[in-house]
Amino acid sequence: MHAEVLVVGGGPIGTVAARCAAEAGASVLLVDRRDSIDRVSCCTGLVSHRTLVMLGVSKDSVLHEIRRITVHAPDGKRLDLAADHSKAVVIDRIRLERELHDLARAAGVEVRLGTEAVAASDDSIVLDGADGQQDVTASAIIGADGPSSRVAEWFGLPHPENIIRAAQAVIETAQSVPTDRVEIFLGDRFAPGFFAWAVPEASDRLRVGLGATPPLEPTEYLDRLLETEFGSCRVLARSGGVVPVSPTTRSAVGSTFLVGDAAGQVKPLSGGGLYPGSLCARIAGRIAAEVALSEPSRDGTAAAYESEWRSAIGREVAFGRAIRRISGMLSDRELSAAIAACDDPALLSFLAEHADIDRLHRLPDELATQPLLWGKILRLLPRMVNREIADLPDRSSVVSVPPASL
Ligand SMILES: Cc1cc2nc3c(=O)[nH]c(=O)nc-3n(C[C@H](O)[C@H](O)[C@H](O)COP(=O)(O)OP(=O)(O)OC[C@H]3O[C@@H](n4cnc5c(N)ncnc54)[C@H](O)[C@@H]3O)c2cc1C
């Protein structure tokens, strides 16, 4: 069998890539090893409104709108931020994936569930499905098969190097919880190297989870978090997964393209992959269709794909990685001090209104237009500045900045 574009992996990102390739005129085969879409990857389902637009879906999967966030510092203090408009939504991921599959089929994509890509040769992929094994040749292949992508292995492409292991539980709460508020827990005692969260699924149900840097085991931290912060709650379900926190160094070769978690196309600060992944899926789908439909096949498409998606999400990735690096150097005490310094009504209201979960890299530019806040921000910097300086090899050439002078 021949497909102009073969997409391996029918998660949200593969489905968007397949739909875009079909809309660009290619015949597309999408395969997923899951036999039912209702068996989805572990996900908290917190996304921006923009993500739904980028995925090309309706609001049918939206459970709640989020307007408030509470940040728990390592020392137990909390910051409450409230915006006067909706900042994000919580979605039902199964409904989202059902809609994405319907849209892909409506665009002409042939979707085969219960079909696993099990091997590859120079010019074909072996699929194992209900009717046994079948060789499929394709003019372009999209690997949307998650962070442990087999497509990457077969075509000599790297896996995301930096990963977090995440664990999540859905819990039933004894009392009702606000459905417009997300809670974040920071510090080594909650989630070393990442953060923990509680996101409302219903007025009596929370998705509580966290990430931890390997080799730490996130389930141990999750058990502790549930016990200390949500003691009287009943655990309804548990799940876990791998979250890439930076892109792969290469994501394409010839006419094979990795997309989504397979390429590490995520926001490094949160691990959120639905927005950047869907943005890159549109690029991958279009370029794969162009490759498949061009005669003779064109050179340079792998490089074109790399450069287009890296310029689309590169600034957010670079910003997120820098903040992760800096915050990773802070002790719990320093992090608590930095959070305490943010406890200022003008600063909190600025952050609540201007922070955009997909575009945090724009925050410094926004801050630059608010001179009244500069002094408050500078109060946060001394420890971080000193840490950065302490990291430099030749300290004699650098003057440390005493906090009082800032
Ligand atoms: C605990 C947790 C919470 C998260 N919360 C959020 C959040 O709140 N917001 C957000 O934006 N992101 C979140 N993410 C990240 C988000 O879930 C991923 O970025 C997103 O699922 C990536 O989609 P994908 O299609 O690239 O990969 P996946 O969703 O992993 O889909 C890959 C698909 O490929 C299929 N597959 C794999 N191998 C094969 C094969 N050989 N043959 C056929 N099929 C194959 C799998 O069955 C799967 O369906 C979270 C992740 C975790 C782990």
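Does Leu55 count as buried or exposed, and at what relative accessibility? Leu55 counts as buried because its relative accessibility is 1% (buried means under 20% relative accessible area, exposed over 50%, and partly exposed in between, with a 1.4 Å probe and protein chains only).

## About the model

This is a predicted model, in which local features need pLDDT of at least 70, side-chain atom pairs count only at pLDDT 80 or more, and totals for chains, interfaces and linings use all residues. Residues are numbered from 1 along each chain as its sequence is written, and side-chain values use heavy atoms, with hydrogens and water left out.

## Around Leu55

Let's start with the residue from the opening question. Leu55 belongs to helix 2, residues 49-55 (helices are DSSP runs of H or I with at least four residues, strands are runs of E with at least two, and both are numbered from the N terminus). Beyond its neighbours within four places in sequence, Leu55 has contacts with Pro12, Val16, Arg19, Leu96, Leu100, Leu274, Ser278 and Arg282 (contact means heavy atoms within 4.5 Å). Leu279 sits 224 residues from Leu55 along the chain, yet their C-alpha atoms are separated by 7.9 Å.

## Nonpolar cores

The largest nonpolar core holds 47 residues, and Val5, Val28, Val259 and Tyr305 have the most contacts inside it (such a core is a set of buried Ala, Val, Leu, Ile, Met, Phe, Trp, Tyr and Cys residues joined through side-chain atoms within 4.5 Å). Helix 6, residues 274-293, supplies the largest share of this core, with 12 residues. Another core, of 18 residues, lies apart from it and includes Ile171, Phe185, Leu225 and Cys233.

Val5 is worth a look on screen. Leaving out residues up to four places away in sequence, Val5 touches residues including Val28, Ala140, Ile142 and Ala288.

## Cysteines

The whole structure contains 0 disulfides (a disulfide is a pair of cysteine sulfur atoms within 2.5 Å). For Cys20, the closest cysteine sulfur is in Cys280, 12 Å away, which is too far for a bond. Cys20 counts as buried at 10% relative accessibility, and Cys280 counts as buried at 0%.

Strand 3 is joined to strand 7, residues 88-91, by 2 bridges. Val47 has Val89 as its bridge partner in strand 7.

Technical notes
Two strands pair if DSSP finds at least two bridges between them.
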